[in-house]
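Biologist: Please pick one part of this model and take me through it closely. Go step by step, in plain words.

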Amino acid sequence: MKGLMIAALALLTALLVFALLAWGSVSISAGDLWRALIGSSEAQEVHRRILYDLRLPKALAALVAGASLAVAGLLMQTLFGNPLAGPYVLGINSGAGLGVALLVLASGGLVTSLGGGLALAAAAIGGAGLVLVMVVLLAERVQSAVTLLILGLMFGAMANGVVSILIYFAQPDQIQAFLLWTFGSFRALGTQQLAILSAICLPALALALLLPKPLNALLLGEEYAASMGVEVKQLRRRLLWAASLLAGAVTAFCGPIAFLGIAVPHLCRFLFKTADHRILLPACIFLGADMALAAEWVAGMPGSSSALPINAILALVGAPVVFWVVLRRAP
Amino acid sequence: MNLLCGENLSIGYKGRTLTSGLNPQLRAGELVCLLGPNGAGKTTLLKTLAGLLPPLGGKVLLKGQEMHQLSAQARARLLSLVLTERPRAPLFPVEELVALGRQPHTGARGTLSAADQGAIEQAMVRAGVLDLRMRHLGQLSDGQLQRVMIARALAQETPVLALDEPTAFLDLPHRLSTLRLLRQLAQAEGKAVLLSTHELDLALRLADRLWLLGPEGLLQGAPEDLALSGALERAFGAPVLDPLSEESSPAGGQLRIEVEGAAKRWAEQAVLRAHWRIDDQATLVLRQEAGAWVLGERRFELLGPLVDHLRGR
């Protein structure tokens, strides 16, 4: 039964990828799509360009980013035993934001748009990596996961403070460039960026998929997990690395997209009525990808040539989910 | 045989020593209650013995092996734990939670074999939670949740079972049934059961031995001996005892008690606890001579060994 539901989510992923490839500002028929995809000599050049330069990269970016953020959120919620934890509680997005802000706002206008591409991603990865290393180092010394959570939030607050000061002294066009990054987008990735994103996210996802057994034990808290044979410090280190790499890489290339990480794990729990990570991990991968693909498709407004910010679309779906969870838990 | 013991143990956390020079010993087949006033370090001692906290001095031996040289998995096959912490996963199904107890015995994926399934079911039967198997944790009362957590520990199939205040937050019937289950595990299955509790009266009636953690360090002995020596009242700083009701259980034999005063009461309790009957016409007589207990031809320094003898150990 649960296997079938996961298969259904996977099928939905395939359908959404198809929808994203076929319908956009221009519609492409299934036949033309197939010919362009396999590189047939009958394919029209314009179709091939649209497919390979525009739609395939953004579909793959949404696929990897959605799956990564959902899994990162699930790992953090289980590690911290906190239903409102997400991939960004450790301040990783704020670190990435700081890196981007430093680049865009302090470069004196050299980088003023998302076209900055790799430089922008490098700045975001640098910022996220800085926070990540500090958090992982602290995790070795801090006993309680909740203390770690608070320290992560403080890192985030500090990074945001620096960003605010940078914005205060910045030029309007620089502020707009930074603001655009914070909106989130799956469209800024070329083949090179996609390769880097996948090279970071796929191994981290594979690591997470190896851990359902200790993650299940961790649902009872770190002490119970230890009493059932889990090497807790090692597990904590692995979870922090995996979640940080996933969230850091996605944030670097797609901007800070917080809601997927918080909302998707809860949706999966209520949908599958289980806390078992053997079910939740694959469910999060597919449902996370589904929501990212669907949001990208809606944001792209098929038939029109403009696009809405992805975070706005996701928040409009994600916020009601968090409302629902909080209200359901209230006494 | 000592399954779990500490040697010259110092306990505490973050480098701050609470108390030291402890030599606790836990044997197979006995139920030991850890008593002591608030703040004496009961939980700290329990967690140190369970390997969750490092000892600040001395060492902990689990089945003869030093605790901190054992892997987490090896430890989990020997000792299971029930803590006061409540799981925070309301959507966790009861059966899956009990199944977590099999983790030290399963492979990397945690796949359950038929033998594992059998152990899970048996654990739920013994803890009396089989009818809750399809529920989620969020739907359980405190008493039910406590029994589910005990079922999980039982599914772990360890020779040692340690519980931190398993009767806190339970009403009297649930307290009694929980303690009765634990005593049964010790007596019928030979497990070594250690539990910390504030239930002095219940501990006095049900425990084979008490560990008394107080200003004098850790005192160990049969409940009756600790009561008679006054150690119990010194540890708590107040009179703490209530009369014992007779239990209806098959008698191992009958004897007559020729002792006066407080000693008589505790001797009676010890005899009753060993499931013997007290009969004024009996030919076997229990006396006190020069501070020792004499039963027929045998002498006992303390009531604890006498109970062991009466039980035929």
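Modeller: Start with strands and helices: both are DSSP runs, numbered from the N terminus, with at least two residues (E) for a strand and at least four (H or I) for a helix. Two strands pair if DSSP finds at least two bridges between them. This is a predicted model, where local features need pLDDT of at least 70, side-chain atom pairs count only at pLDDT 80 or more, and totals for chains, interfaces and linings use all residues. Residues are numbered from 1 along each chain as its sequence is written, while chains are lettered from A and ligands numbered from 1 in the order in which they are written.

Now the sheet in chain B. Six strands build this open sheet. Read across, the order is β7-β8-β9-β4-β10-β11. The pairing is mixed. At the edges sit β7 (79-82) and β11 (217-221) of chain B, and each pairs on one side only. From one strand to the next, the twist averages 15 degrees.

β7(B) runs parallel to β8 (residues 160-164) of chain B, and four bridges join the two. Here Leu79(B) stands opposite Val160(B), which belongs to β8(B).

Next, look at what lies across the sheet. Helix α1 (residues 42-49) of chain B lies across β4 (31-35), β8, β9 (192-196) and β10 (209-214) of chain B. Contact is judged by C-beta atoms, placed from the backbone, that lie within 7 Å. α1(B) runs at about 150 degrees to β8(B). Such angles run from 0 to 180 degrees between N-to-C directions, with axes fitted to C-alpha atoms, for helices over the stretch in contact.

Conventions: Contact = placed C-beta atoms within 7 Å.
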